[in-house]
Amino acid sequence: MSAMTTSERSNTTTQPTPPSRKRNSLAKGKLPKWAIPAIAGGSIILGAAGSTLTGFHVASFAIYSAVIFLIAASVATTVVEGKRRGKNATWTYLIYASFILALIPLASVLYTVLEKGLPGMNMHFLFSSMNGVTGAVDNQTVENGTPVLGGAYHALMGTLLITLWATVISVPVGMLTAIYLVEYGKNGPLARAITFFVDVMTGIPSIVAGLFAAAFFGLILGPNSRMGIVAAVALSVLMIPTVVRSTEEMLKIVPNELREASYALGVRRWRTILKVVIPTAISGIASGVTLAIARVIGETAPILVTAGIASNINLNVFANWMSTLPTFIYYQIMTPTSPTNVDPSIQRAWAAALLLILMVMALNLAARLIAKLFAPKKGR
Amino acid sequence: MTTNALTSKSSTSGRAGDKIFSGAALGAGVLILITLFAVAVFLLIQALPTFLADPADISGGAGFFSYIAPIIVGTVVAAAIALLIATPVGLGVALFISHLAPRRIAGPLGYVIDLLAAIPSVIYGAWGYMVLAPALVPGYDWLATNLGFIPIFEGPASQTGKTMLTAGIVLAVMVLPIITSLSREIFLQTPKLHEEAALALGATRWEMITTAVLPFARPGIISATMLGLGRALGETMAVALVLSTGNLIPSLIKSGNQTIAAEIALNFPEAFGLRLAELIAAGLVLFLITLVVNMIARAIIARHKEFSGAN
């Protein structure tokens, strides 16, 4: 920029322009470096002052300061550097603000889960169920100040089993579909229809997937047949499209030379796919599957309408109601075990939330690690 | 001779393997189409009693339409609030990551925003119920006293904060990562030459964004918003936990209103007979609405794909 300014100056010295010509905005003055930090400091002080006038509050302090800064900095830039630069500055600050605004809920959610979840997170919580824990038990806990009884072992097991079954159903179906799309379907009408509807399936509301599984098994086994496997089917409806999409992307980037080299050796197509194509893409596929599991493990709505709620340990997905961590959280908050003393229930709910978030984060991390560790070696 | 036998054996088993494998792949693909079709059919069969029943027997006593209409409006209002907040913020975050942040921290920042998408919806619901709703009460009181003349801010404000506006804000947080990650992808695809040409002509960074980046990304932004809308329409737990439900009212800061997904989640566990059919019919309506929204979004993306490759 400074280079341009000098060339502009040298231009004017060699070829004098008519005096009526407007000054180029590039040659105009610039705000000194200290101006923006100074305005920021000033607006923080003014924001604090304004907020104290109406009774100090962190939120109003932040809002006042931000608004004062935005206006002052924009006006200053506009006056000193011109209208276009002023507009640029305004929008730049707005974009920064939107980013900070987006971080607030994330930080708040993580902080809340840690703060409220840690006190309830202990061995007893992890390894006992809610069997026999009634409102009376909770009332006694509060009156005597003893540690909270009852835990989420049954819900943890339910989550693991239902997710396992959903994975067992979705991974073969999803991978075979992706193989069909990439290796067999090419760009035929059926392949295009499948691609389109897989995309549409990604957008099915989770509660509708749950209703579908409930309606399907309701027709076969009679009404109110709620059990783990129904929930697993509901989760599969949500999981299959994710698996298909990620597998498809991965299979597409396997170079064709590998397939052709295999065919040239006389290897059959199915063996080529199983022994050459899939091993090359396995890291991406595995990480995609892990992300898909992370997505469905926290689903609540479909479980609510398909697996019911239980307070005892049920390890059989083919019979009786089952609890999962998300539904456990939901019911502990909505219908506390003891309506008069809700604190034990709330504590259990947040401990379960912490457990669930840890599982989801671990799965996300695992997906990244898998993608990194097992990535195919790059040729030369 | 041995070699002959070997080859012939391997080739027959190989042929069968090929048939089985391609058949299985085709079968899986068709299974997905059947599943989607089955979703619609089974919901329709189970919902049928609602449409055949005497209107007086439906909840509300005036037929299915007057039962479902207010909660459709509630669903749309909640999704609209979510999009009104999430679209500008999401686009801002995407622009920040793609064009403003230093390259070294842009990648990690992208992960951080993706983390928002990884948090399960029930945890957002719990957060909205216990942290956000109480925190918003003073704000609602202020809105009710100062802007109460506008019907949507009509007081007295809810003292628990469990209102439509809170639900909309929680939905906005959940939709934000979808809008951000999709539009970020598209912003990054903007041809570098267009951007550099704009800068070379003396454009400021914001002018470069408005003249080169945004026009290029417009279809992508529209479809990202539509996909966010699809998510907001179908999101259940946030609304079920955060909203203290009731009849359809214009005020967003009083208890009341209801969305389809939350109506199903709240009532399904105790429902049987005709009530069950009603809720499944409501699910069918939700399915159709989100299906249309998603199909439009996907169609825009698909059309856009043909042009974006050329650059």
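**Terms and their grounds**

The domain assignment divides chain B into domain 1 (1-52) and domain 2 (55-308), and such bounds come from an automatic or database domain assignment. This is a predicted model, in which local features need pLDDT of at least 70, side-chain atom pairs count only at pLDDT 80 or more, and totals for chains, interfaces and linings use all residues. Residues are numbered from 1 along each chain as its sequence is written, while chains are lettered from A and ligands numbered from 1 in the order in which they are written.

Q: What separates the centres of domain 1 of chain B and domain 2 of chain B, and what contact is there?
A: The centres, taken over C-alpha atoms, are 38 Å apart. The contact takes eight residues from domain 1 of chain B and ten residues from domain 2 of chain B, where two residues are in contact if their C-beta atoms, placed from the backbone, lie within 7 Å. On the side of domain 1 of chain B that touches domain 2 of chain B there are six nonpolar, two polar and no charged residues. In this division Ala, Val, Leu, Ile, Met, Phe, Trp, Tyr, Cys and Pro count as nonpolar, Asp, Glu, Lys and Arg as charged, and the others, Gly among them, as polar.

Q: Which domains does the assignment give for chain A, and how far apart do their centres lie?
A: The assignment gives domain 1 (27-118) and domain 2 (153-373) of chain A. Their C-alpha centres lie 42 Å apart. Five residues from domain 1 of chain A and five residues from domain 2 of chain A make up the contact.

Q: Why does Gly174(A) count as buried?
A: A residue is buried if 20 or more other C-beta atoms lie within 10 Å of its own, exposed if 12 or fewer, and partly exposed in between, with C-beta atoms placed from the backbone. Gly174(A) has 29 C-beta neighbours inside 10 Å and therefore counts as buried. Its place is in helix H7 (residues 153-184) of chain A. Leaving aside neighbours within four places in sequence, Gly174(A) is in contact with Ile240(A), Val243(A), Val244(A) and Thr247(A).

Q: What does the radius of gyration of chain A show when set against the globule rule?
A: The radius is taken over C-alpha atoms, and the rule is 2.2 Å times the number of residues to the power 0.38. For 380 residues a compact globule would have a value near 21 Å, but chain A has 30 Å. The C-alpha trace of chain A spans about 90 × 80 × 40 Å along its principal axes, and 44% of its residues count as buried.

Q: What does the rule give for chain B?
A: A compact globule of 311 residues would have a radius of gyration near 19 Å, but chain B has 25 Å. The C-alpha atoms of chain B fill a box of roughly 95 × 70 × 30 Å, taken along the principal axes. Of the 311 residues of chain B, 48% count as buried.

Q: What makes up the largest nonpolar core, and which residues touch the most other members?
A: A nonpolar core is a set of buried Ala, Val, Leu, Ile, Met, Phe, Trp, Tyr and Cys residues joined through C-beta atoms within 7 Å. The largest such core has 195 residues, of which Phe212(A), Ala352(A), Ala353(A), Ile123(B), Leu171(B) and Val175(B) touch the most other members. Helix H2 (residues 63-100) of chain B gives the most to this core, with 17 residues. Beyond its neighbours within four places in sequence, Leu171(B) is in contact with residues including Ala78(B), Ala82(B) and Glu235(B).

Q: How many residues does each chain bring to the contact between chain A and chain B?
A: The contact takes 71 residues from chain B and 73 residues from chain A. Helix H1 (residues 2-52) of chain B supplies the largest share of the side of chain B that touches chain A, 21 residues. By class, that side of chain B has 51 nonpolar, 16 polar and four charged residues.

Conventions: Helix = DSSP H or I, 4+ residues; strand = E, 2+ residues; numbered from the N terminus.
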